[in-house]
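Please keep the sequence and the model in view while reading.

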Amino acid sequence: MMYHQMPIPSRSEHLWRYTPWPRIHPSKPDTVPKADEVIFSINGPQELTAEPHSQKPQGDIARAFLQAAGGSSSRIRLNDEMEAVHINARASGHVSVGHLHLEVKGSAVVFLHISGEPEWVGLHITGTIHPNSHLAFGFINELDSNTKFLRCEDWGLERDSSLEHASLSVGGFRCKSDLRTSLNGTGSSIRQSITVNADGSRHDDEHVEIHHHHGHTQSDLVMNSACGGSSHFIGTGLLTIAEGANKSNASQVFRNLLLSPNARAEAIPELEVLADDVSAAHGAASAPVDNNQLHYLMSRGLDPQEAESVIVNGFLYDAFSNLTNKELLEEMRTRLTVHLECELKR
Amino acid sequence: MSDDAQEIIGDYKYGFHDPENSTIRFDKGLSEQVVRDISELKNEPQWMTDIRVKAYRHFVERVMPEWGNCSLLNMIDFENVTYFLRSSNKTEKSWDDVPDDIKNTFDRLGIPEAEQKWLGGVTAQYESEAVYHSIREDLEEQGVIFLDMDSGLKQYPEIVKKYFGTVIPHSDNKFSALNTAVWSGGSFLYIPKGVHVEMPVQAYFRINAKNMGQFERTLIIADEGSSVHYVEGCTAPSYSTDSLHSAVVELIAMDGAKIRYSTVQNWSSNVYNLVTKRAVAHRNATVEWVDGNIGSKLTMKYPSVLLKGEGAHAEVISVAYAGKGQHQDTGAKVHHLAPNTTSNILSKSISKGGGRSSYRGLLQVTPKSTGCRSKVVCDALILDEDSRSDTYPTMEIGNSTADLEHEASVSKVSNDQLFYLMSRGFSEEEAMGLIVNGFFEPFTRELPMEYAVELNKLLELEMEGSIG
């Protein structure tokens, strides 16, 4: 369906329970404002080519809206890349929208940095990872702290391909992400790590769907959030294992660290399993900073604030520990360190 | 039993039924007049009639839930349900006075034997009203009130009026509105301050008529410092047309009180079991739901606890077995509304033969509730490739001092475990049966003995033919 034909989704759907569509829409839900283009640039020899906007009917209101809003649309083809590819997405204007499609044959490491100060940014990333190809993808959200941000991602993984996906969400004041991966080929796998550092009155809603359509597929999701101030973090996950997708292995872990009395966190890790010979597990935990850990660090000379900062940093770094690609791991940790140091100086 | 029904259910051990011998039966369908007639027939006070009518109007206006198994829910034809049926003209006090055919049914459920042994009291719901009620004299002497809900309303209207609908208002959901409009029977239990009821208090519920809705209403109040264990079981004969069971159960545990509510439901696989169960736990009170779901076509049941007073504790242990054509949509909800409240939820489910089991839970900590702790564990076994298991947990944490954990796993029976048992001489089927019984053991050990025995037998029956 096209955007104007779609009803506003009910809050009984987990996807829209805590950030209903009217709260993330740039203005009124029955309007589609004229969007400026998110400008994509690349630091290497690879080429970004302009791509006509897809006219395919969308099954989801956020994607249909981004399609209707237009904005920029680019495609990048990645073969065996020797060096990491850095794509910068610069958003400007009042409402800014960009569409990017990645096609991977071989192995590649890609970082996408989004920055800018528009009032509203929408980004739709799609990716196809061809058979026996491997992508390590890092997403760094460094948008202005007054920006509303809607991000949709759709990844399709073919036979024996793999995706390592890391997100660092520290920008924007109201963010809604809907990240979906389809394991379409036998032997495909995804490792996904999401780190959220929320403070002030930041609202960050991360929805992750991983669909095991075939057997012998693997997924591993870790989502860590540290919430301070009066921030609100929402982590929802939907893990499905289709009928006949035997020998699949899936796990998801959500951890929330609550740092202030007014911070809030929600965790909804859902499982739908239609195959019997599988291993699927999820866990969620929410807790304050452990007093024993604080005491330990303070007994070694740190003041309470420093001690808490060390614990929070360690907790956020830990979300990336399931990544196996060293380049991805190091870059994401570096970015996180820079962010935390800047925050400490503020 | 009609020939067609007999043909469908065969010799299903727990699927017997007695010829209907009802003395009052309303026409099918629901209207405001039916609601008023039920109230008039029961000679209820005006305030109850008003609540019923208000609830009926809300039921009509309220849309069906847009979540869960909507395709099955939307198949319910509310106009094809009988909303009131009275089997016996009076509520019996002595077992000898109960009509033979009704007594025969209860005999087969084992109630008299259980009562003779050590049960505190019996009130058995047969279709819409209780036909038998007894209570040990020593409990009566302590001031314990254990009546069917209709008698409770007649004899203690002031208590019923004070608490009725306070935990689950009629506007809570569509089915609580339906129940409030047409409720009939159920239990009314009041435990005075400081009284500890040592023996479990028991009630059985049955549906015996085709397209008969059963809408019992249970209200349990444990006054300060008291304790009680209430046991409710449901078994139903199998029929070829659908039945609707929509109960409302309200528990109120005052300061320092403890209520344990155990239930095993084994409705036949054509029954919609859409139940709202909720408890309020005041300061230092404990509420425990021990909940087993074996039967029904669709069960939607999420026992809840509102931890309203500081130091209150909730415990929910539930198991679900989803066989062919069944969807067990069960779970638990705990709302931590006060500081230093704690809760534990353990949920186990088995799906087999194309059945679907879903865990749907909510754990909420409000901003003022400091120092709360909770742990949720969900384990699911899938026994064949046609079956399905879902987990939909929700954690809403509004306080930074809360310490909450949730873990869930879905798997099949481990080959190592099967191999181990078979290497010790068990057949594959026996080994599977042992593993399944062991899987449910945390639940069965919390049940009174005869319930645990019945549950194990039911599981054995369900597991027959699961290998090969």
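This is a predicted model: local features need pLDDT of at least 70, side-chain atom pairs count only at pLDDT 80 or more; totals for chains, interfaces and linings use all residues.

Residues are numbered from 1 along each chain as its sequence is written, and chains are lettered from A and ligands numbered from 1 in the order in which they are written.

**Chain B as a whole**

Chain B holds 13 helices and 24 strands. Helices (H or I, at least four residues) and strands (E, at least two) are DSSP runs, numbered from the N terminus. Of its 468 residues, 55% count as buried. A residue is buried if 20 or more other C-beta atoms lie within 10 Å of its own, exposed if 12 or fewer, and partly exposed in between, with C-beta atoms placed from the backbone. Two residues are in contact if their C-beta atoms, placed from the backbone, lie within 7 Å. Among contacts in chain B between residues at least 6 apart in sequence, 83% join residues at least 24 apart.

Ten of the ten residues of β19(B), residues 327-336, are buried, so the strand is largely enclosed by the rest of the structure. Both of its faces are covered: one side carries His327(B), Asp329(B), Gly331(B), Lys333(B) and His335(B), the other Gln328(B), Thr330(B), Ala332(B), Val334(B) and His336(B), all of them buried. Two strands pair if DSSP finds at least two bridges between them.

| Strand | Residues | Sense of pairing with β19(B) | Bridges |
|---|---|---|---|
| β16(B) | 298-301 | parallel | four bridges |
| β17(B) | 304-307 | parallel | four bridges |
| β21(B) | 356-365 | parallel | ten bridges |

Individual residues show how these pairings are arranged. In β19(B), Gln328(B) is the bridge partner of Thr299(B), and His335(B) stands opposite Leu306(B). His336(B) stands opposite Val365(B) in β21(B).

Ile345(B) belongs to strand β20(B), residues 342-351. Ile345(B) is buried, with 26 other C-beta atoms within 10 Å. Leaving aside neighbours within four places in sequence, Ile345(B) is in contact with Val316(B), Ala332(B), Val334(B), Gly361(B) and Val376(B). The C-alpha atoms of Ile345(B) and His58(B), 287 residues apart along the chain, are separated by 32 Å.

**Two packed helices of chain B**

Helix α2(B), residues 32-41, and helix α3(B), residues 46-61, pack at an angle of about 155°, with their axes 9 Å apart. Axes are lines fitted to C-alpha atoms, for helices over the stretch in contact, and angles run from 0 to 180 degrees between N-to-C directions. The two helices are therefore roughly antiparallel to each other, a term for angles over 145 degrees. The contact is made by Glu32(B), Val35(B), Arg36(B) and Ser39(B) of α2(B), together with Met48(B), Thr49(B), Arg52(B), Val53(B) and Tyr56(B) of α3(B). These residues divide into four nonpolar, two polar and three charged. Ala, Val, Leu, Ile, Met, Phe, Trp, Tyr, Cys and Pro count as nonpolar, Asp, Glu, Lys and Arg as charged, and the others, Gly among them, as polar.

**The contact between the chains**

The contact takes 32 residues from chain B and 34 residues from chain A. On the side of chain B that touches chain A, the elements that give two or more residues are β23(B), residues 388-397, and β24(B), residues 403-411. β23(B) gives the most, with ten residues. That side of chain B divides into eleven nonpolar, eleven polar and ten charged residues. Strand β18(A), residues 264-273, pairs with β23(B) in the antiparallel sense over six bridges. Glu266(A) stands opposite Glu396(B) in β23(B).

**Loop residues with positive phi**

Which residues other than glycine have a positive phi? Ser296(B) has a phi near 85°, and Asn340(B) has one of about 55°. Ser296(B) is found in the loop between β15(B) and β16(B), and counts as buried, with 27 C-beta neighbours inside 10 Å. Asn340(B) lies in the loop between β19(B) and β20(B) and is partly exposed, with 18 other C-beta atoms within 10 Å.

Methods
Angles under 35 degrees count as roughly parallel, over 145 as roughly antiparallel, 65 to 115 as roughly perpendicular and the rest as oblique.
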